[in-house]
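Me: I have a new structure to read. Please walk me through its features, one at a time.

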Amino acid sequence: MSTETENPPAAAKPEVKTPPKPAPKKPEAPPVELPAFEKSISDKIIEKFGDKIEVGFVKEDRVRINVGRENVHEVAEFIRDGLNYDHVESVSGVDYPQDNEIEVVYHIGSYSESSLARQILVLATRAQRETNPIPGNDATKLPTLRDVFYSVEFHEREVFEMFGVYFEGHPDNRRLLLPEDWADLPPLRKDFAIKGR
Amino acid sequence: MTFTLPPGLALQKVDERIMTLNVGPQHPGSGHMRIIVQIDGDYIVACDPDPGYVHRGEEKMAEYRNYITNIPHLERPVIHDSCNVLYPYVLGAEELLGIEVPERAKYVRVIASELNRCIYIMYWLAIYGIFLGHSTMFMWPAGDRELLIDLMEKMTGARVTHAHFVPGGVRNDLPPNFEDVCLRQVNYFEKRIKEYAAVFYDNPILISRTRDTGVLSRQDAIRYGTTGSVLRASGVDYDLRVKEPYDVYDELDVHTNVMKEGDSYARSRIPWLDMIESCNIIRQALQKMPKSGSVRVKLKPNPKTKGLESVYKRVESGRGSLGCYIVSDGKVEPYRVKLSVPSFRNLIALPNLLKGEKLGNMPSVYWSLNYWPVEADR
Amino acid sequence: MSVIAPQFKLSEFIKSLLDNIFWIILILVLIGIPAVFMILFAMEMPVIDGELLTPFLALTWLADPSRILPVVKAFMSTDIFRVMAFPGFGFAALLAAATIFVERKMLAKLQLRVGPFYCGKFEGILQLMGDGLKLISKEIIIPAKADKPIFWAAPVLFVATAAAFVAFIPVAPGWVVADVEMGLLGVFAVIGFFPIITILSAWSANSKFPFIGGIRALFQMVSFEIPLILSLLGAVMLTGSLNLSEIAASQSSFPWIVFLPIGAIVFFITMLAELERIPFDLPEAESEIVAGWLTELSGMMYGLVQLGTYLKLYAFAGLFVVIFLGGWNGPMVVPPFPAELLTEGIHMGPIVAGPFPGLPLFDQEMLNGTLWFVLKTVAVIFFILLPRGVFPRIRVDMLLNLGWTKLIGLAFVNIFIALGLLYAGVLGPGGLQ
């Protein structure tokens with residue numbers, strides 16, 4: 001699990017719910033005052049899982065949690081049962097060839113709980129990347145979250161075909177958007193170049 | 001010779017009674033998407049949607065262009081709702097580049113977004129009519145939509161694919177007499193769409209064809225992660241313009257339309273109610289808009305972001321909540337742009353709803369999910 | 001070198017002219033003249049002034065035009081004329097063409113459009129001719145595995161059956177192509193052919209979409225035939241005859257729709273279903289099964305099927321008018337024929353034209369009857385065309401439910417009303433006449 005710290009954005013507008021944030025521009029800033037409600041969410045997760053997870057950032061309406069692939073299923077179950085999030089809005093993959101990893105980011109939201117109506121929880125895991133991928137039969141695997149959140153079904157299929165990340169436990173890892181006879185690298189990887197560029 | 005299948009594929013035994021029908025990409029009843037339907041007599045046994053006919057690789061192309069030149073091609077997923085497709089991208093880019101947008105620009109953006117929402121919903125309604133065999137319901141929305149497309153042409157210069165929003169505001173200010181013309185046309189438009197109730201929504205044949213078909217319960221709507229009119233037709237009161245207001249929506253009075261039945265009739269009625277609501281929003285925005293001011297913050301060419309950051313912004317478009325996840329690494333081009341489109345999110349409901357339905361109900365259920373094939377494929 | 005024909009050579013032009021003249025004269029002489037003689041010999045010649053008019057004598061009209069009138073009148077009473085022109089094919093085709101024009105324009109105005117606009121000087125009136133020419137010039141594509149004899153024959157059979165249906169409809173007193181004693185039974189028999197032809201055409205095309213469309217057409221037409229027949233029986237009971245001309249003549253004081261409104265409504269709905277008009281156009285449901293049983297037909301075969309469909313439309317509307325709306329009956333609006341034309345001729349100052357002994361060609365009764373029949377048919381056709389702009393398509397199970405339960409029930413109610421009226425003595429012998 002690699003570490004990365006992300007800074008709160010500069011010059012946020014003053015909001016009714018959260019106190020106005022100062023705007024430091026230096027990378028290693030002294031601790032800024034984080035929005036209280038979002039901090040409570042991240043605190044609950046830290047309290048349950050300790051150092052299995054790492055808090056990416058706590059911004060207005062967005063809380064980011066980085067988890068390793070062994071624990072992501074457990075954390076997701078806690079998010080659904082303990083924190084009352086109920087659906088996943090999007091699953092994106094981001095390719096980091098310099099770290100040799102592919103990151104899969106889940107954006108989780110809640111329709112039934114009114115206090116969480118604006119909040120999106122960003123859950124990120126990393127999968128190992130191989131230079132010559134054989135999608136489905138190499139080490140780029142992650143556990144599926146389909147049994148926790150049913151709404152990831154088509155999104156995980158798309159991440160599989162675009163990045164080559166195989167989701168173990170997903171009943172239907174098949175092509176979705178690409179044509180059936182696609183025989184090239186998974187297209188959204190960084191080493192797949194569009195012709196002519 | 002042994003035959004190994006790639007992972008995730010499996011051989012399937014096909015029953016003799018069941019006929020596999022390919023409601024294919026070139027079919028007057030399916031838009032540009034393939035649905036593989038297995039029917040037993042008149043009932044659908046299984047359904048496998050196969051999007052990807054118009055997949056163009058928008059997200060890959062976005063990594064090769066900088067933040068400004070990404071605008072004309074990222075709006076292509078829905079050409080007539082282009083302002084709403086660009087909106088979350090533009091909001092995200094503004095946060096990454098650290099720009100503050102002037103007030104008048106925000107109002108112009110809200111007006112453009114609402115007009116685009118109406119234009120999209122009219123086109124969707126036209127195609128819904130033609131799927132059910134109602135040619136008048138195809139001609140009337142297509143004709144009345146021209147009123148609003150004229151307004152967009154005055155505002156942006158293009159009928160569709162406006163490319164009007166840029167990080168920093170909008171590209172150009174409104175033309176001189178725009179407020180009066182817009183108010184008059186929006187009033188006439190609202191009068192026209194209220195007549196649709198008589199020919200379409202109160203039509204007994206339409207009601208008998210769509211009532212109680214494709215019922216999506218509230219639990220399922222939340223569990224599948226559906227969004228937009230599909231969600232509101234199943235009884236969940238969720239509209240991003242109210243829950244997470246962006247730009248000036250917190251100063252405008254937006255009313256959410258909710259229906260509880262969750263059948264195709266409710267899903268076809270909610271967008272119509274939304275359009276009437278949009279007319280109210282446009283009138284309020286025209287009234288409250290500052291009469292003068294700049295509409296754009298001038299950026300240096302090739303603006304760069306600050307460092308490794310990611311941002312996720314979402315907006316209520318004609319189909320539902322559209323999200324844009326941008327990862328930037330300090331260069332001129334974004335590192336990754338992901339559009340989380342509402343059509344793709346609503347697609348998961350299709351196989352579950354069509355199981356057990358009659359074949360004659362397939363067009364009415366499928367299109368009532370507010371599905372735009374081009375957007376789902378990006 | 002001229003601009004129009006850069007390769008123009010005078011000698012070749014004169015050669016082509018002479019070629020054309022040669023062929024025209026050859027065909028006229030070898031084929032035309034014997035044809036004329038055969039027609040003139042086969043036609044029944046009238047007796048004028050005690051003399052049978054021979055074909056040669058008939059050609060004397062070149063000298064005195066008024067002598068053509070008896071020949072024309074004799075021709076008009078032959079069967080050929082009735083089949084081809086007046087109440088038969090020509091008249092029906094003319095009304096069908098007018099129907100197509102009115103349908104396109106009316107629907108367009110209903111839908112905020114303009115309709116055909118460019119073809120023809122007045123509001124696109126020649127659009128149908130343009131469409132016909134286009135269809136004739138298109139290639140007819142036959143699917144490889146189709147059953148060719150049946151596939152070729154099906155559209156022709158369709159038009160033939162539609163024309164046979166047209167033959168039963170009386171337009172004016174005495175003017176009907178086929179005056180059959182059991183006319184209405186003949187109509188039912190001919191209507192029963194349509195589902196067979198449709199399913200033959202669909203099956204022989206050997207493709208999935210026509211298959212589904214043909215099955216749906218079969219369901220639809222068969223399940224609506226029973227209410228159709230039942231709803232017409234009420235009028236038969238009240239008239240006491242199956243002959244269509246007699247049914248029309250018996251409504252001289254009042255039309256049957258006054259007493260049998262339910263039957264008229266049921267017949268109207270089943271008529272829409274038999275014609276495959278919206279809301280019952282499942283066999284052609286465009287958004288689900290491409291074009292239904294018409295999918296594989298191209299070029300003139302499609303044109304023939306459309307012709308047959310509109311002939312059927314006219315015939316059904318005519319049937320509705322004859323049985324429920326009083327046929328040709330109506331107040332006399334045609335002025336009587338001035339008898340002086342027969343004896344004295346027309347006096348225009350010093351010039352005297354006439355007398356014309358062959359007139360009148362059409363007598364007053366026939367003109368009046370035709371006028372009222374056409375007016376009523378046009379009104380019924382208007383109401384048939386109207387639902388196309390208002391309703392979406394119905395679904396198969398709703399269609400079958402309607403045809404087998406509700407419409408048969410209503411038709412029986414209609415029969416009971418007719419029986420009640422008869423036994424109460426209100427109508428029929430002894431009652432209102």
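Reply: Start with burial. A residue is buried if 20 or more other C-beta atoms lie within 10 Å of its own, exposed if 12 or fewer, and partly exposed in between; the C-beta atoms are placed from the backbone. Helices (H or I, at least four residues) and strands (E, at least two) are DSSP runs, numbered from the N terminus. Note that this is a predicted model: local features need pLDDT of at least 70, side-chain atom pairs count only at pLDDT 80 or more, and totals for chains, interfaces and linings use all residues. Residues are numbered from 1 along each chain as its sequence is written, while chains are lettered from A and ligands numbered from 1 in the order in which they are written.

Me: Which residues of β8(B) point one way, and which the other way?

Reply: In a regular strand, side chains alternate between the two faces of the sheet. From β8(B), B:Arg336, B:Lys338 and B:Ser340 point one way. B:Val337 and B:Leu339 point the other way, and all of these residues are buried. The strand covers residues 336–340 of chain B, and five of its five residues are buried.

Me: In what sense do β7(B) and β8(B) pair?

Reply: Strands of a sheet pair through backbone hydrogen bonds, either parallel or antiparallel. Here, two strands count as paired if DSSP finds at least two bridges between them. β7(B), residues 321–329, pairs with β8(B) in the antiparallel sense, over five bridges. B:Gly323 stands opposite B:Ser340.

Me: What is the order of the five strands in the open sheet of chain A?

Reply: The order is β1-β2-β5-β4-β3, with mixed pairing. The edge strands are β1 (53–59) and β3 (87–96) of chain A, and each pairs on one side only. From one strand to the next, the twist averages 20°; angles run from 0 to 180 degrees between N-to-C directions, and axes are lines fitted to C-alpha atoms, for helices over the stretch in contact. β3(A) pairs with β4(A), residues 101–109, in the antiparallel sense over nine bridges. One bridge partner to find is A:Gly109 in β4(A), which goes with A:His87.

Me: Which helices pack on that sheet?

Reply: Contact needs a rule: two residues are in contact if their C-beta atoms, placed from the backbone, lie within 7 Å. Helix α1 of chain A (36–49) packs on the sheet and touches β1 and β2 (62–67) of chain A. Its direction makes about 175° with that of β1(A). Helix α3 of chain A (153–163) also packs on the sheet, touching β3 and β4 of chain A. The direction of α3(A) makes about 10° with that of β3(A).

Me: How many residues does the contact take from chain A and from chain B?

Reply: It takes 40 residues from chain A and 35 residues from chain B. On the chain A side, β3, β4, β5 (120–128) and α3 each supply at least two residues. β3(A) gives the most, with six residues.

Me: How does the end-to-end distance of α5(C) agree with its number of residues, and which of its residues are buried?

Reply: The expected span of a helix is 1.5 Å times one less than its number of residues. α5(C), residues 89–110, has 22 residues, so it should span 32 Å; its end C-alpha atoms are 31 Å apart, which agrees. Its buried residues are C:Phe89, C:Phe91, C:Ala92, C:Leu95, C:Ala96, C:Thr99, C:Ile100 and C:Glu103. Their cover includes α4 (79–84), α6 (127–136), α7 (148–166), α14 (300–325) and α16 (364–385) of chain C. Leaving aside neighbours within four places in sequence, C:Tyr314 is in contact with C:Ala92, C:Leu95, C:Ala96, C:Thr99 and C:Val166.

Me: Where is the cis peptide bond, and which residues have a positive phi although not a glycine?

Reply: Most residues other than glycine have a negative phi, and most peptide bonds are trans. A cis bond joins C:Ile278 and C:Pro279, with omega about 10°. C:Pro279 lies in the loop between α12 and α13 of chain C. C:Glu276 is in the loop between α12 and α13 of chain C. The phi of C:Glu276 is positive, about 55°. With 22 other C-beta atoms within 10 Å, C:Glu276 is buried. B:Thr161 has a positive phi of about 45°. B:Thr161 has 17 such atoms within 10 Å, so it is partly exposed.
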